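Open the model in your viewer and follow the stops below in order. Each stop says what to select and what is found there.

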Amino acid sequence: MSHLIAPSILSADFANIQRDVEMINKSEADWFHVDIMDGMFVPNISFGFPVIKAIKKHATKPLDVHLMINDPDRYLQTFKEAGADVLTVHLEACNHLHRTIQAIKALGMKAGVAINPHTSANLLIDIIADVDLVCVMSVNPGFGGQKFIENTYHKIASLREMIRATKSKALIEIDGGVDMNNYKKLIDYGANVLVAGNTVFSSSDPGKTISELKKA
Ligand code: DX5
Ligand code: ZN
């Protein structure tokens, strides 16, 4: 399978959200990456359900919703109703991750687990067979435009080996600081999905930048 590109809406122009959604629709991007922050799990607040619904209204590609919120169980059904296709929760934010993953799947969404830069990939060994996606945070979550953390490569290698050994179908997604200098190396290490916010939206030609990121 060739890799997927998921532009992060966090870096879009919220006063022109329909325009930016249409740009992604027309581009070679595969998913919309939608970052939800609660001001508690991460030191920032992004946006909530009305904005997700507005994106969903115009999007012709799946919404990959990344929850950076404490105790996400409270809102799984509401994210489904707002239009999430893939729903990712943080390992660090769940007391009963296995239950949460099963609940996401029972609602008809793909289920993902995200890990912060300090969290070992080895902690996923007993959940890897149950998830559709592992989101490896390559920056400390909370903000777009941060510097990529190099330790990420070795986490991709560990996960690739874990996925092989357990015959898991999980995709490896990399989130944070993906740019034109590191995307090829990330794919070589075994990444399946690349999130890109700043790299796409600060580009003078976002559609062309997405095409570049699709080339491996
Ligand atoms: C960071 C978010 C990312 C962010 C990535 O907390 O989870 O999805 O939008 O943005 P860039 O690509 O600019 O690092
Ligand atoms: Zn994200």
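**Stop 1: the ligand and its contacts**

Select Ser 8 together with ligand 1: an N or O atom in the side chain of Ser 8 is 2.8 Å from an oxygen atom of the ligand. This is a polar contact, that is, a pair of N or O atoms within 3.5 Å; within protein, one must be able to donate a hydrogen and the other to accept it, and residues adjacent in sequence count only if both atoms are side-chain atoms. The model is predicted: local features need pLDDT of at least 70 and side-chain atom pairs count only at pLDDT 80 or more, while totals for chains, interfaces and linings use all residues. Residues are numbered from 1 along each chain as its sequence is written, chains are lettered from A and ligands numbered from 1 in the order in which they are written, and side-chain values use heavy atoms, with hydrogens and water left out.

Then show the backbone of Gly 197, where an N or O atom lies 2.8 Å from a ligand oxygen. Of the 390 Å² of accessible area that ligand 1 has on its own, the protein covers 99% (Shrake-Rupley method, 1.4 Å probe; for residues, only the protein chains shown count as cover).

**Stop 2: the shell**

Next, select the residues with a heavy atom within 4 Å of ligand 1. There are 20 of them, and the closest are Ser 8, Asp 35, Gly 142, Gly 145 and Asp 175. Colour the strands β2 (32-37), β3 (63-68) and β8 (193-196), each of which supplies at least two shell residues; strands are DSSP runs of E, at least two residues long, and helices runs of H or I, at least four, numbered from the N terminus. β2 gives the largest share, three residues.

**Stop 3: the pocket**

Hide the ligand. The space it takes is the largest pocket, with a molecule counted as sitting there if more than half of its atoms lie within 2 Å of the grid points. A pocket is an open set of points on a 1 Å grid over the protein atoms alone, with protein on both sides within 12 Å along at least five of seven lines; a cavity is a set where a 1.4 Å probe fits but cannot get out, and lining residues have an atom within 4 Å of a point. The pocket holds about 300 Å³, a volume being the space filled by probe spheres set on the points, which are joined across faces, edges and corners. Its lining has 27 residues, with Phe 143, Gly 144, Gly 145, Gly 176 and Gly 177 nearest the centre.

**Stop 4: the cavity**

Finally, select Pro 117, Val 136, Met 137, Ile 149, Asn 151, Thr 152 and Lys 155, which line the largest cavity. About 40 Å³ of space lies inside.
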